[in-house]
Amino acid sequence: MGSGTAEKFRFCIDRGGTFTDIYAEVPGRREGYVTKLLSVDPSNYDDAPIEGIRRILEEFSGERIPRSAKIPTSKIEWIRMGTTVATNALLERKGERIALCVTRGFRDLLQIGNQARPNIFDLKVSKPSNLYEEVIEVDERVELVRDGDSDRDESSVEGISGELGIRCLAVVLMHSYTYPHHELLVEKLALGMGFKHVSLSSSLTPMVRAVPRGLTASVDAYLTPVIKEYLSGFMSRFEGGSEQVNVLFMQSDGGLAPERRFSGHKAVLSGPAGGVVGYSQTLFGLETSKPLIGFDMGGTSTDVSRYDGSYEQVLETQIAGAIIQAPQLDINTVAAGGGSKLKFQFGAFKVGPESVGAHPGPVCYRKGGELAITDANLILGTVIPEYFPSIFGPNEDMPLDYEATRKAFENLAVEINSHRKSQDPSAKDMAIEEIALGFVNVANETMCRPIRQLTEMKGHDTKNHALACFGGAGPQHACAMARSLGMSEVLVHRYCGILSAYGMGLADVIEDLQEPYSAVYNTESSAEASRREVLLVKQVKEKLMEQGFGEESIRTDSYLNLRYEGTDTAIMVKQPEQGSGNDYADEFEKLFQQEYGFKLQNRKILICDVRVQGVGSTNILQPRELMQISTKPVKESSCQIYFSSGWQDTPLYKLENLGYGHVLEGPAVIMNGNSTVIIEKDCKAIITKYGNIKIEINAAPSTVSISEKVADVVQLSIFNHRFMGIAEQMGRTLQRTSISTNIKERLDFSCALFGPDGGLVANAPHVPVHLGAMSSTVCWQLNFWGDNLHEGDVLVTNHPCSGGSHLPDITVVTPVFYHGKLVFFVASRGHHAEIGGITPGSMPPFSKCIWEEGAAIRAFKLVERGVFQEEGIVQLLQSPCSDELSGYKIPGTRRIQDNLSDLHAQVAANQRGISLIKELINQYGLVTVQSYMNHVQKNAEVAVREMLKTVASRVAKENGSCVVEDEDYMDDGSVLHLKLTLDAIKGEATIDFEGTSPEVYGNWNAPEAVTTAAVIYCLRCLVDVDIPLNQGCLAPVKILIPKGSFLSPSDKAAVVGGNVLTSQRVTDVILMAFQACACSQGCMNNLTFGDDTFGYYETIGGGCGAGPTWDGTSGVQCHMTNTRMTDPEIFEQRYPVLLHTFSIRENSGGSGLHRGGDGLVREIEFRRSIVVSILSERRVHAPRGLKGGRDGARGANYLVRKDGRKIYLGGKNTVTVSAGDILQIFTPGGGGFGSP
């Protein structure tokens, strides 16, 4: 494949982390030339791309070019290159030293981010480090309702640089996206002071949302100097420098840019973007009409993407903990690759997410590494040492070490077979090959899960796609994965091993310009947007013409970034084609419906941004058709490969000896350079007219017959993935189809599936306080309805006495029938921002009875035999009532349409779960699926028992007893008492809350389901292994809660605070009893405000408790919540507030050998009269330290009136504020661990 014979050399280069791939078009050769070099080989050369170019020029020009000499440019037409220099610097934190310049009051804004923890079960709360070293706060402020403040004294930012040695600056000022003047002033001053690079957030991404914009500026300031330094060195190696050679670099958006325009924030996906361009431009439309899933499997990770005629782009992504806001290809990276670590844990096979890395690498690399997927493929014969580079051993000249790999698998087999014999004495030993194949099957399922999510979350059916497979390891797994995904077609490019490099030569040059424009979409604003588009088009064309493109080679696409009023979900809408009869609004509604499954009626559409993308077409590499061959394919040799049916003699072919029209029936192997393409049985490979491999998957996944008595160690892992995948896809559907900010953006929801007895099978870990709690709900409904459940029924409930948490959390339960038999349940729980009650937002601080908190539903059929009961549910939500109200009418929901929309979304999420469960049953059979439902629960039980045995031994050693008691207090003095009894022999625990205070005359009573959730959460944190979250976790644990206590209140008790306050205290007490870590902030700091026209709800993070080996993390959501914080600019844009401060509360964490995390400070000025409610704890009793560590600081809430009066609000209060009043919230710090 090429563009015919080139007159000069053309180079397409992908400088990866391990290898540098080069595709070159050589004068006089019809075929391209391919080579690979180690990216880092200092003993032989300084720079891999330069060395590759030198070798190729020397080989084919006949001229000797010494390594120390400059590269002659007279014979080079162009160079196109992607590089991981930026990505590696970000991953390894080896960028430039930078300072951050922010608006005063927001020094910690980027560190806090959205408050969420990356891994909810990680007690250490490991977060990526900040990119900046110093922060400078600027006395400036722009308010949206009027022009920006008058220019401040420029001296306010002097002295940043000085002796610190920092010469790069990132600048993010509030609302600079719409008023960049202050950032420009800072830039002018900083450059005048000697800074060598300044990244302005307003110039890089002029879009609302300060956090991602600021992080983007930080990434750019951190990486751009590194890139510029590398590029400068690269260009200096050519005769005449950059003036004499045409070099373009691949950006994250799939477009090319010249050296001077290649910057840090657009470079992090440089390499992967080349692969997307490569497969999309050579396979879609030429080899298939189906949309493509790109599958690029490398050593440590796998990149997944999608193409359907146009590049799917996102405006925001997270890489190495840094959020980058810029147009970029939608590439999802999965922590599974050839180097994924293999483990046998708690009776199940585990693959990843840890990687063995390049050093020491897999066992077969001869460096003393651990077993990885590459080792498994070596055992199976799908990695063939003769065709793998001999670069191993002390002299880097030895092949892969098969014997060491086999020995490592033999050792693992002893452990696996010993476990199987303990479960079933008659079990036959698993052979080495069976074990290796088992791990590969588990790895395939691990990689299938994100592919399903990628397609399903955008409303597409995975089955309707073709799998475009490339990367070194991908073609070995392609057939098996396509089968599992239900796909019938796999495409492997002839340059699959270097497709990212080849893609560089297929890309165009892209210039992107964007400016903010905030208006309601109508005729007038549309005309203004068009006027702005014209100006941006002109600027984009000028930039491309400066790079040598003629008018005829340039095309432009215009976009409006649109969203519905009251949502944060914006969609970048391309200008409709002329003559289509559609305008931007029509296109937006169509795209919104496609992605989210519904339209919002009678809702204004808002313009956020105007964007123009200019494309300079290069057309430099063109596919070349091959002549059809009539001869039969000739095999190179035969090899032994282990398939599910056993060892099989398999013909091996070399792709270079195959031609257009050759058909190979599976099983077969095609060697494509260094890539091994495995054609499985019942699959057929066809060599296409472009020299690529098309594999037809003729057989659907066969029904698997498995013994249901004893768990198969491989299938146990696969079913665990499938069950969790169902719960996750339910969550994706709920997030996609919901309307409310709480569910769609704050992610305050959970989805799960249950057995026919109501026992939890899999719970996607969305919000910890929901974990396991829904099982009580399902069991209660099952007992209540009994035989009165039918296919097509959907149940709804939120009452604490029927297994609920608090009233805003509405649970929708759907029974799953198969051939008329009840076989499963699925359920989704979501926080509805409004369900009535005595205050807007349905979180009243002073509620004393359940009915004051809104509509309480014990049991109702939301859908009965397929018919949605709208009238009934509206009546329940709008008319809360109780005999004890004595005529006093409690307000019903203030947002009934939002309630109905979210309930529809929950029904849709459940329906998605049902269809996936039925797919699973059709594949494996009902008996097998239900057997493995029990097996995964048993597997979780084993994991928890092992953890309890370990903990019990440690506690007995330290305390001389396996009984530990702990006690803490709510701020009103209520006692929460725990007696923990551990059994080191059986691995069991009794968690007894006897001695806990009675039901309180307040709203921090907690239903039993909340305590259950806290126990499951703590157990999962203590196990510290990715086990399934299901009923099995509780099997070794007995939970004793005294009836009538505030952990088991009556059905009349107010409970709205139990879910958000008491749950945190229960968690603290349990973890303190286990001596796992000190107390965290012990609160969710619930803030609500609103009136009859709107309502707002947020929870505010604080300090985490320190542990035996770690300091507590500052300013994050702790334990039982992990909801997101609204961005400060969105907060001010949508609500009548001005945020003065959002920062870390310094020194509020308890001191100790390890310090507790610090809390937060949040200071909000209200701009009109509204009702504000705060529901918080730890304002009286401080978060406790552990083992000599000091307590964290207590929280505090103040109201500063406009006249200057400062009023202490206590922990729980409701107040009507006036314009100019300021609310100050100081959240608690975490306790310290160990004596200071």
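Glu870, Ile873, Val874, Leu877 and Gln878 in α18 meet Ile896, Asn899, Leu900 and Leu903 in α19. The residues of this contact of α18 with α19 divide into six nonpolar, two polar and one charged. The model is predicted.

Now take the geometry. Two packed helices are described by the angle between their axes and the distance between the axes. Helix α18 covers residues 870-878 and helix α19 covers residues 896-924. They pack at an angle of about 130 degrees, and their axes are 11 Å apart. That angle makes α18 oblique to α19. The crossing of α18 and α19 is right-handed.

Follow α19 onward to helix α20, residues 926-959. α19 and α20 pack at an angle of about 115 degrees, with their axes 7 Å apart. On the α19 side, the contact is made by Leu920, Ile921 and Tyr924. On the α20 side, Leu926, Thr928 and Val929 take part. By class, this contact of α19 with α20 has five nonpolar residues, one polar residue and no charged residues.

Another helix pair is α8 and α10. Helix α8 spans residues 373-380, and α8 and α10 pack at an angle of about 135 degrees. Their axes are 9 Å apart. α8 and α10 are therefore oblique to each other. Which hand does the crossing of α8 and α10 have? The crossing of α8 and α10 is left-handed. From α8, the contact draws on Ile373, Ala376, Asn377, Ile379 and Leu380. From α10, it draws on Ile432, Glu433, Ala436, Leu437, Phe439, Val440 and Ala443. The residues of the contact of α8 with α10 divide into 10 nonpolar, one polar and one charged.

Next come the nonpolar cores. The largest nonpolar core has 153 residues. Those with the most contacts inside this core are Phe349, Phe409, Ile695, Phe723, Leu753 and Phe824. Which helix gives the largest share of this core? Helix α10, residues 432-456, supplies that share, with 12 residues. A second, separate core has 86 residues. Phe238, Phe249, Phe1094 and Val1137 are included in this second core.

Serine 717 lies in helix α15, residues 713-737. Is serine 717 buried or exposed? The cut-off for buried is under 20% relative accessible area. At 4% relative accessibility, serine 717 therefore counts as buried. Leaving aside neighbours within four places in sequence, serine 717 is in contact with Ala348, Phe349, Lys350 and Val442. Phe349 is also listed among the residues with the most contacts inside the largest nonpolar core. The C-alpha atoms of serine 717 and isoleucine 1027 are separated by 10.0 Å. Along the chain, serine 717 and isoleucine 1027 are 310 residues apart.

Lysine 266 is found in the loop between β10 (256-258) and α7 (270-283). Lysine 266 is partly exposed, with a relative accessible area of 21%. Leaving aside neighbours within four places in sequence, lysine 266 is in contact with Gln251 and Ser252. The C-alpha atoms of lysine 266 and proline 327 are separated by 8.2 Å. These two residues are 61 residues apart along the chain.

Finally, look at the backbone. Most residues other than glycine have a negative phi, and most peptide bonds are trans. Some places here depart from that pattern. What kind of peptide bond joins glycine 666 and proline 667? A cis peptide bond joins them, with omega at about 5 degrees. Proline 667 sits in the loop between β26 (663-665) and β27 (668-672).

Histidine 819 has a positive phi of about 55 degrees, although histidine 819 is not a glycine. Histidine 819 is in the loop between β34 (809-818) and β35 (821-831). At 74% relative accessibility, histidine 819 counts as exposed. Asparagine 1147 has a positive phi of about 65 degrees, and asparagine 1147 is not a glycine. Asparagine 1147 lies in the loop between β44 (1137-1145) and β45 (1159-1166). With 65% relative accessibility, asparagine 1147 counts as exposed.

Notes:
Residues are numbered from 1 along each chain as its sequence is written. This is a predicted model: local features need pLDDT of at least 70, side-chain atom pairs count only at pLDDT 80 or more; totals for chains, interfaces and linings use all residues. Side-chain values use heavy atoms; hydrogens and water are left out. A nonpolar core is a set of buried Ala, Val, Leu, Ile, Met, Phe, Trp, Tyr and Cys residues joined through side-chain atoms within 4.5 Å. Buried means under 20% relative accessible area, exposed over 50%, partly exposed in between (1.4 Å probe, protein chains only). Helices (H or I, at least four residues) and strands (E, at least two) are DSSP runs, numbered from the N terminus. Axes are lines fitted to C-alpha atoms, for helices over the stretch in contact, and angles run from 0 to 180 degrees between N-to-C directions. Angles under 35 degrees count as roughly parallel, over 145 as roughly antiparallel, 65 to 115 as roughly perpendicular and the rest as oblique. A crossing is left-handed if the near helix is turned anticlockwise from the far one by less than a right angle, and right-handed if clockwise. Contact means heavy atoms within 4.5 Å. Ala, Val, Leu, Ile, Met, Phe, Trp, Tyr, Cys and Pro count as nonpolar, Asp, Glu, Lys and Arg as charged, and the others, Gly among them, as polar.
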